[in-house]
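Here is a short report on salt bridges and a chain–chain contact. Please read it alongside the sequence and the 3D view.

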Number of protein chains: 2
Amino acid sequence: MELIYTGKTKDVYRQPDGSYLLRFKDDVTGTDGVFDPGANTVGLQIEGAGRAGLRLTQFFYEKINQAGIPTHFISANIENNEMTVHPARVFGHGVEVILRYRAVGSFRRRYGAYCSEGQPLDGYVEVTLKDDDRHDPLITESALEMLGIMTRREYAQLEDLTRRIGEIVRDELARKQLELYDIKFEFGRLGNDGRIGLIDEISGGNMRAYRHGSAVAPLELEQIMLS
Amino acid sequence: MELIYTGKTKDVYRQPDGSYLLRFKDDVTGTDGVFDPGANTVGLQIEGAGRAGLRLTQFFYEKINQAGIPTHFISANIENNEMTVHPARVFGHGVEVILRYRAVGSFRRRYGAYCSEGQPLDGYVEVTLKDDDRHDPLITESALEMLGIMTRREYAQLEDLTRRIGEIVRDELARKQLELYDIKFEFGRLGNDGRIGLIDEISGGNMRAYRHGSAVAPLELEQIMLS
């Protein structure tokens, strides 16, 4: 088993059978010890964060697979903090797709002159480049096409999948009296036909959830969802 | 005559007949004394910059008006550094439309992982909000619509007008062996029907032009164009 990538919150190994293994770590993105799903730095370590993230990831992936939406998920081994996935080819050097139900975080920082904190946004989708050195810049559909990162057809599929997956996550959170404010996904091209599927994790660190108007921390979110 | 706005490079007055008067100043945007058309600060003062900017603005507006494209331009009084214009209502608190023929400036800073300096971009259009405090953030067509800044139909018109006006400017520069790399425009809704028209200036400070692969400073550009 060959280590091929060391990420901020997990390590990636290639397995002899062609599948990949993601090992979840206890690192959480944030700044100065405060959790921020949009941050590019590891801000803190929380014991058990990796396992809780993997358990929630498994929980959502099983529902998304059941809904017939393509994903890279094969199986999870909770004891070892490991998830086995199909290989996927990312768009360019990787993009993030953000789905926003309420105006918080970087959306509010950018467009604060036009929206109030927490204002409903009705499933707004935007794409950023995974590029730590350039602070994950926002990119338009037309620039994604022009720079050869994805076609307009792929963009439309990405938007559609994002909204469908977002609804699944939002509905599951709502069952626990949690409101999903925003969530970020990663997608890749799967298999020989290059069909677009969800990749990476779907844990508390990828989303902002609120309960009675207050933000719920990732580990707490995972405890609520998995209880 | 009532002063209603003091801008970075000009002041705006309302006239008794309902038209507006723009008085061009000798201030140029930039940082630490170096010209940068994307900068939000006045970086330097250059004697005669206001008049040269106005002369070039008049030069282009007359050609754009002749092409039948709506603009706010009525007349220019070069001696007084003044331009008389129709009133216009901006989109939201104002947006800038950037037309890019080559990858330089903020495009390169954002997407440097996907393009080389000066790479051709074939008339790429993007919109930023005029918001100094938030560093003029990039905004997508769908966010412009969602936040009530403009409709999708207006966005399409804006893109079309931008490309048509850009071609006029690019062709005029080419006559003087100058290559237009990028240019920023402002648009507003004109008259009772709210038709979209070009507003603001079109001077050396709004564009990047190159000659034999080297950037041409705004005042030099104006001297070349008007000689």
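## Basis

This is a predicted model, in which local features need pLDDT of at least 70 and side-chain atom pairs count only at pLDDT 80 or more, while totals for chains, interfaces and linings use all residues. Residues are numbered from 1 along each chain as its sequence is written, chains are lettered from A and ligands numbered from 1 in the order in which they are written, and side-chain values use heavy atoms, with hydrogens and water left out.

## Salt bridges

Over all chains, the structure holds 44 salt bridges. A salt bridge is a side-chain nitrogen of Lys or Arg within 4 Å of a carboxyl oxygen of Asp or Glu.

Asp160(B) and Arg164(B) form one, at 3.4 Å from N to O. They lie four residues apart in helix α4 of chain B, so about one helical turn separates them. (Helices are DSSP runs of H or I with at least four residues, strands are runs of E with at least two, and both are numbered from the N terminus.) Asp160(B) is partly exposed at 39% relative accessible area. Arg164(B) is partly exposed too, at 37%. The cut-offs, with a 1.4 Å probe and protein chains only, are under 20% for buried, over 50% for exposed, and partly exposed in between.

Arg189(B) bridges to Glu154(B), with the closest N and O atoms 2.8 Å apart. This pair links distant parts of the chain: Arg189(B) sits in strand β13 (residues 179–190) and Glu154(B) in helix α4 (residues 152–175), 35 residues apart. Glu154(B) is buried, at 13%.

Arg152(B) meets Glu145(B) at 3.2 Å, N to O. Arg152(B) is partly exposed at 38%. Glu145(B) is partly exposed, also with 38%.

## Contact between chains B and A

Each side has its own count: 29 residues from chain B and 29 residues from chain A (contact means heavy atoms within 4.5 Å). The buried area is about 2,300 Å², with 67% from carbon and sulfur atoms. Buried area is the accessible area (1.4 Å probe) that two parts lose on being put together, summed over both. Tyr114(B), Met146(B) and Leu147(B) supply 29% of the area that chain B buries against chain A, more than any other three residues.

What is the count of salt bridges between chain B and chain A? It is zero.
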